There are 2 protein chains.
Amino acid sequence: MIVALAGGVGGAKLADGLYAELPAGQLVVIGNTADDLVLHGLHISPDLDTVMYTLSGLANPLTGWGIAGDTFQALEMMARYGGPDWFRLGDRDLATHISRTALLHSGATLTHTTAQLITALGIQATLLPMCDERVETIIETPDGPLSFQDYFVHRGCRDQVRGVHVQGIEQATITEAIQEALTKASAIVICPSNPLVSVGPILAVPGMRQAIRRSGVPIVAVSPIIAGQAVKGPAATMLQGLGLEVSAAGVAKVYEDLRPIMLIDEADAALAPAVEAAGARPVAAPILMQTVQDRHSLARRVLQLCGYPLAAVSGNKQASDQR
Amino acid sequence: MIVALAGGVGGAKLADGLYAELPAGQLVVIGNTADDLVLHGLHISPDLDTVMYTLSGLANPLTGWGIAGDTFQALEMMARYGGPDWFRLGDRDLATHISRTALLHSGATLTHTTAQLITALGIQATLLPMCDERVETIIETPDGPLSFQDYFVHRGCRDQVRGVHVQGIEQATITEAIQEALTKASAIVICPSNPLVSVGPILAVPGMRQAIRRSGVPIVAVSPIIAGQAVKGPAATMLQGLGLEVSAAGVAKVYEDLRPIMLIDEADAALAPAVEAAGARPVAAPILMQTVQDRHSLARRVLQLCGYPLAAVSGNKQASDQR
């Protein structure tokens with residue numbers, strides 16, 4: 001069983017590759033929920049949804065969020081009623097948030113709720129929220145603190161980042177499902193997601209870093225930074241804002257205590273000594289995922305580094321290729 | 001100021017006629033909320049919505065419910081998640097329920113919530129829920145009790161009706177807004193809605209019948225039964241099931257204590273003595289509303305019987321005709 005830590009788009013892409021290459025039921029994704037927000041009274045989990053939509057083949061490849069071909073009739077009408085429309089919620093996407101909110105209101109945990117949605121979409125992998133408590137990433141800017149989606153979507157990442165913290169994380173606890181997954185894991189993959197606001201909050205759940213270290217299995221991290229730039233999103237600005245190097249070596253620093261095998265891009269081969277100095281074992285390879293085939297290739301490379309028996313690899317691939 | 005008691009489609013049509021004929025701000029509609037239901041965690045008020053969509057010109061004239069041209073993307077997806085889809089909720093219609101539910105969860109009353117939605121849609125009339133408490137019409141059938149929407153939509157009115165009662169109505173109270181409207185009313189109109197499950201619950205709010213009687217203003221009721229048949233919905237079956245005559249006279253019986261002026265159809269002119277025997281003053285006229293023009297004509301006739309100064313009549317008509 002492979003446990004992958006994933007944020008949004010980049011994480012979902014590698015998770016999709018792993019899902020395609022592994023036998024059914026062998027992938028557990030731990031998703032970031034510190035980006036969650038409540039809008040229109042609905043509980044929205046953008047990162048969980050990106051993973052879920054990607055693994056089910058529903059994702060919109062053009063935007064990186066939402067469902068391909070979705071319409072926006074409800075949102076237009078909600079705006080007419082005075083509701084906010086800066087967070088673009090498609091009609092089919094709304095169904096996810098309505099269903100999730102109804103389940104949560106009925107007393108289900110986010111873990112249980114997510115399992116139900118995942119199963120309904122026919123996904124043969126496990127998606128676990130990093131915790132069941134409500135936590136929230138706060139971005140410190142010169143104009144004061146902003147909630148993550150306010151910074152990211154509403155204000156389009158235009159603010160200078162002076163600090164990042166996850167509100168409520170002290171009260172968060174590792175769920176039983178995550179504990180069990182870490183016990184059964186034969187390797188742990190840190191997907192190429194933002195180390196500060198995507199993987200960061202997952203690792204910030206009290207006890208998570210220790211639990212991962214203690215699992216004693218290979219840890220393979222994939223750098224989200226290639227040639228000094230983030231493949232997507234504000235990772236570069238954020239690393240810089242926090243005084244970290246905008247490179248695979250800067251990312252390795254964030255994961256220093258985990259001493260991972262670190263996949264860096266071929267273009268960054270010269271960074272190997274710096275990555276090694278940050279406690280990781282660097283491996284250079286092509287890591288940019290542009291096509292679905294790229295996801296599969298990277299996943300195979302990751303699994304190889306995980307020590308996963310390659311003969312067992314190829315489970316869901318055909319289904320995935322047919323999409 | 002004219003106060004109209006209305007249920008769904010028939011009530012909304014006459015309310016629309018009154019809205020067109022009266023000066024802006026002179027119409028108050030008291031709507032039935034005993035048909036309300038919670039589905040997908042959302043508070044749905046079908047009768048309030050039918051009035052609201054009709055007065056705003058959004059109503060779907062083909063179905064009698066929902067919004068013209070609405071799509072059903074979200075509902076299809078909710079069904080995929082295992083949610084019920086027998087109650088057809090369009091995407092734009094969903095926006096109403098999402099917005100209402102968010103307002104209610106924030107602590108607003110249904111009265112306040114409805115006012116906000118009505119204002120947002122630019123409607124220059126007042127729509128008041130019959131009460132702010134949650135009540136529910138229960139239909140007694142040979143197979144046991146059914147909630148109204150279960151009987152009406154889910155099972156398509158196929159069950160025999162042995163009784164009707166409104167659960168929770170003992171705890172309902174007349175709202176301040178309704179009290180004020182009844183004080184200011186120059187006449188009260190009972191729209192051609194189902195007397196048992198649309199107007200009935202409104203009149204069943206403790207003190208409502210007394211408050212209407214004590215207002216001392218003309219009361220004009222329009223029969224929803226023409227030539228022994230309900231224009232729409234299960235009124236005929238219900239009257240029959242409860243041992244009442246399926247006619248304007250049977251309807252007059254339900255309103256007996258209110259001693260209304262009762263508009264019956266020309267086709268039912270022969271029923272005048274029976275209507276009179278039930279305490280009402282019968283007036284025969286064409287009352288079937290098929291076209292928008294029919295709504296206006298009937299509204300003018302109603303206003304005339306209300307003793308409303310006809311010179312003042314014609315306020316919103318032009319706007320309504322242009323739709």
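Two residues are in contact if their C-beta atoms, placed from the backbone, lie within 7 Å. The model is predicted: local features need pLDDT of at least 70 and side-chain atom pairs count only at pLDDT 80 or more, while totals for chains, interfaces and linings use all residues. Residues are numbered from 1 along each chain as its sequence is written, and chains are lettered from A and ligands numbered from 1 in the order in which they are written.

**View 1. The interface of chain A with chain B.** In this view, 23 residues of chain A are in contact with 23 residues of chain B. Helices H3 (73-80), H4 (91-105) and H5 (110-120) of chain A are the elements that give two or more residues to the side of chain A that touches chain B; helices (H or I, at least four residues) and strands (E, at least two) are DSSP runs, numbered from the N terminus. H4(A) gives the largest share, nine residues. By class, this side of chain A has 11 nonpolar, nine polar and three charged residues. Ala, Val, Leu, Ile, Met, Phe, Trp, Tyr, Cys and Pro count as nonpolar, Asp, Glu, Lys and Arg as charged, and the others, Gly among them, as polar. Of the interface residues of chain A, 100% are also interface residues in chain B, so the copies meet through the same surface.

**View 2. The axis between the two chains.**

**View 3. Strand E9 of chain A and the strands paired with it.** Strand E1 (residues 2-6) of chain A runs parallel to E9(A), joined by four bridges (strands pair if DSSP finds at least two bridges between them). A:Ile2 has A:Ala187 in E9(A) as its bridge partner. E9(A) also pairs in the parallel sense with strand E10 (residues 219-222) of chain A, over three bridges, and A:Val189 stands opposite A:Val220 in E10(A). From E9(A) (residues 187-190), A:Ala187 and A:Val189 point one way and A:Ile188 and A:Ile190 the other way, and all are buried (20 or more other C-beta atoms within 10 Å of the residue's own, C-beta atoms being placed from the backbone).

Key. Buried ≥ 20, exposed ≤ 12 C-beta atoms within 10 Å, placed from the backbone.
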